[in-house]
Amino acid sequence: MRPTPAERDKLAASQPLWQAAQRRFETIMPANQTVALTAILAEISSPECAHIFIASPEVNPASPALSKKADR
């Protein structure tokens with residue numbers, strides 16, 4: 001599904017706001033914590049994590065939990 005022209009315009013208009021928010025965040029958050037947070041967000045938004053989440057009994061009671069990362 002492709003974005004509509006209006007959606008593309010909204011996205012383009014949001015970019016300077018997002019960049020300003022990123023700069024503000026980086027001024028208050030130490031670099032090592034920014035790197036750690038980015039790694040955590042990448043992990044939880046990964047297809048593997050999504051697959052585990054979708055297969056969890058809390059989300060899908062008919063599916064067995066995939067416990068590869070559950071032992072953490």
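Thr34 counts as buried because its relative accessibility is 18%, where buried means under 20% relative accessible area, exposed over 50%, and partly exposed in between (1.4 Å probe, protein chains only). Thr34 lies in helix 2. Leaving aside residues up to four places away in sequence, Thr34 touches Phe25 and Met29; contact means heavy atoms within 4.5 Å.

The model is predicted: local features need pLDDT of at least 70, side-chain atom pairs count only at pLDDT 80 or more, and totals for chains, interfaces and linings use all residues. Residues are numbered from 1 along each chain as its sequence is written, and side-chain values use heavy atoms, with hydrogens and water left out.

Ile44 is also in helix 2 (residues 31-44). The two residues are set side by side below.

| Residue | Relative accessibility | Class |
|---|---|---|
| Thr34 | 18% | buried |
| Ile44 | 53% | exposed |

The chain has 3 helices and 0 strands; helices (H or I, at least four residues) and strands (E, at least two) are DSSP runs, numbered from the N terminus. Of the 72 residues in the chain, 8% are buried. Helix 1 is hardly covered, with 0 buried residues among its 24. Helix 1 bends by about 30° at Gln15, and Pro16 follows within four residues. The bend is the angle between axes fitted to the seven residues ending at a residue and the seven starting there.
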